[in-house]
Amino acid sequence: MTMLAYKNEINEYEQIKYEFDRSNNVGNSKTAKLSQKIMFQLANGSVDISKSALQFMLYTINFVAKDGRIYSTLEEIKHALNFQNKTLVRVITELKELNLLTQKNEFLYSKFHVVVGKEKAEESYVRNLKAYTSPAVLNLNKNELRLFLYIATRGIINGVVKKSTVESLYSNVTHKGVNYIDSYFSLASALNVLISNDLIEVFIEGQVFKKSNVAAFMPTLHAYCGYQEKARKKRMSKIKKHVIGFRINPVLSQKENIRPSEAARREIEYYADQNGFFHTQMRPETIPIFIKNVQDQLFDRFGMVGVEMYRQALVTYFSTEGDNVIYHDLYADENSSKAINTMVDFFLLPSIIKVIAAAASSVPSKDEIVMYFKNKENLLALVDYFNEKASDNHLILLDEALEEVNVLLSDLVKTVPTLNPTENSWFLLQAKTLKIYKTVNYKQSLLSTEFQKRLVRQWAKEGLFTQKHLLNAVVKTLKSKVVFLPKQQFKDAMNDININTKSIKDDLKSKESIEEKKERLLEQALKITNEPIKYKF
């Protein structure tokens, strides 16, 4: 188990961000991407939109969370796009009117994205290219930008050349194509600008035109289409279609030129700042694990409800533990972090216990998450997830929570008709729970069944089926030995710090063990001979 300490100088932020982006493989985690369907409608003129609104979308997509929440401040957006206040206000209003943006509390929410991951996406998407926020693209006029996006939304995948006709790319009395380009010459000029800026390649009768030979593009296109530029006379057929090919510059879609989503890091940063500690003191590799091991799994099973469950657990964890989160994260290796385990074990799963109990009860609820799980199939899916993740503590606490709302596991088992008990999530939960109750086998005959149940439930409340006492000891030791240092002192300090979990466990040997505590509680219980049920834990 490797223990790491990280510097807290603010000027180290960019290095930490770089390490995060490098470790956050875009293809492995589900992130928001521009919707191909929406972007094509905007690019082909089906929906009229301002250049500034398009720029807003192209910039903010990199900060869009799965549920659409945009983790970019208005000041940041204004600075990046060189907007004035009134421009940004107008853009937000425009996008809301087009139903591409909503607002809830202090956050803006995208409605122009889809969520995709490594597997084949259910909806088509446009990859987040660095080029979209480059000076070359930002300086295009409105029609040039839309034409570039038209080409990008048709030909971005694997650099495939897309076939089209010149006549389908503009509209006039004779031809009905892209409606915002009103003539052949306007189209030719726009294509020439895109080629000159190294954004696209155009193919004409076997020739490819790119920035290096752009001077030959216009003469070749005019000759091919029968347009005489000097005489300003068109010798173009009203019937014949002139086939060309196009694609965005393949370099723009190479892996190193794809922008990894920053939404997950920004969400961690936002809530860390809200709770008084620097997210840059966490290991860069921890944040992708938060997403892949927790948020992605919840999203896969429960959609946006799962994302909200993750977010609520994260917020509660940060607000409760504060800078302890940093020390939890030091208790880690390359593939896991105690920060993630702590959030799941002590914040996510306890919240799921409350949701399952509320959803299983007959009492109506206005809570959106509970309402979602009032559906029988959704609730069974949540119980499946709980069975996979829960410790013995959680299983017992859920049984108690159900009993408190007058629901018995034995009754829930009967709600799922199946010939195979292993296909019944409630049955599996009940079987695991009954097995734990049987752990009270010391002088068992002297204790009533009800008292044994109460005893096990008290153990669960005290966390005796986990090792939270070890985590607390680790954090305490780390705080006494680990100092967050500036970069120049970091290397020397690491050589002097020798912390490992074995030494901490050795320090705990002199303290009461879990089994010793169980036995002590049993001995206390056995001394009460008259009314053991009244014994209070």
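**Sheet and cores in a predicted model**

Modeller: Four bridges join β7 to β12, and the two run antiparallel. Strands are DSSP runs of E with at least two residues, helices runs of H or I with at least four, numbered from the N terminus; two strands pair if DSSP finds at least two bridges between them. This is a predicted model, where local features need pLDDT of at least 70, side-chain atom pairs count only at pLDDT 80 or more, and totals for chains, interfaces and linings use all residues. Residues are numbered from 1 along each chain as its sequence is written, and side-chain values use heavy atoms, with hydrogens and water left out.

Colleague: Which residue in β12 stands opposite K162?

Modeller: F246.

Colleague: And what order do the strands take in the sheet?

Modeller: β7-β12-β8-β9, an open sheet of four strands with antiparallel pairing. The edge strands, β7 (162–165) and β9 (207–209), each pair on one side only.

Colleague: How many bridges link β8 and β12?

Modeller: Four, between residues 200–204 and 243–248. F203 stands opposite G245, and I200 has I248 as its bridge partner.

Colleague: Changing topic, which residues touch the most other members of the largest nonpolar core?

Modeller: F56 and F148, in a core of 72 residues. Such a core is a set of buried Ala, Val, Leu, Ile, Met, Phe, Trp, Tyr and Cys residues joined through side-chain atoms within 4.5 Å.

Colleague: What else is there apart from that core?

Modeller: Another core, of 71 residues, including I369 and Y437.

Note on methods: Buried < 20%, exposed > 50% of the residue type's maximum accessible area, 1.4 Å probe, protein only.
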